[in-house]
Amino acid sequence: MKVKPLADRVLVKNDKAETKTLSGIIIPEAAQEKTQTATVVEVGPGTDTVKITVKTGDRIMYDKYSGTPLKIDGEDYLILKMNDIIAIIE
């Protein structure tokens with residue numbers, strides 16, 4: 001399935017959370033902190049008031065409780081508003 005975001009929306013794929021600490025302790029999935037970093041997959045065209053400042057392939061950081069989760073071909077994605085993106089990770 002192909003998803004193309006509209007207006008000021010951005011489709012991202014969440015980065016995987018660490019499952020093991022540096023010392024080798026395995027962290028159960030229920031105890032893992034949800035990451036707020038993701039990779040941009042698709043971007044909408046923007047609006048007259050909100051310009052899209054990220055591009056496909058950028059790693060970004062976003063607000064913790066933002067976005068609409070969805071599954072595409074069994075993979076987890078998130079659709080964010082451009083205003084919910086707080087940083088580009090370089």
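This note goes through a few local features of the structure, point by point.

1. The model is a predicted one, in which local features need pLDDT of at least 70 and side-chain atom pairs count only at pLDDT 80 or more, while totals for chains, interfaces and linings use all residues. Residues are numbered from 1 along each chain as its sequence is written, and side-chain values use heavy atoms, with hydrogens and water left out.

2. Asp8 is placed in the segment before β1 (9-14), where strands (E, at least two residues) and helices (H or I, at least four) are DSSP runs numbered from the N terminus. Asp8 counts as buried because its relative accessibility is 9%, the limits being under 20% relative accessible area for buried, over 50% for exposed and partly exposed in between, with a 1.4 Å probe and protein chains only.

3. The side chain of Asp8 makes a polar contact with the side chain of Arg9 at 3.0 Å; such a contact is a pair of N or O atoms within 3.5 Å, of which, within protein, one must be able to donate a hydrogen and the other to accept it, and residues adjacent in sequence count only if both atoms are side-chain atoms. Leaving aside neighbours within four places in sequence, Asp8 is also in contact (heavy atoms within 4.5 Å) with Gly46, Thr47, Val50, Ile52, Leu80, Lys81 and Met82.

4. The largest nonpolar core has 13 residues, of which Val10, Val12, Val40, Val54, Ile60, Leu80 and Ile85 touch the most other members; a core of this kind is a set of buried Ala, Val, Leu, Ile, Met, Phe, Trp, Tyr and Cys residues joined through side-chain atoms within 4.5 Å. At least two residues of this core come from each of β1, β2 (37-43), β3 (59-62) and β5 (75-81), and β2 gives the most, with 3 residues.

5. Val54 is found in the loop between β2 and β3 and is buried, with a relative accessible area of 6%. Not counting residues up to four places away in sequence, Val54 touches Val10, Val40, Val43, Ile60, Met82, Ile85 and Ile88, whereas Ile85, counted likewise, touches Val10, Val54, Ile60, Met61, Tyr62 and Leu80.

6. Strand β4 (residues 68-72) pairs with β5 in the antiparallel sense over 5 bridges, pairing being assigned if DSSP finds at least two bridges between two strands. Lys71 stands opposite Asp76 in β5, and the two strands β4 and β5 form a hairpin with 2 residues between them, where Asp73 in the turn has a positive phi of about 50°.
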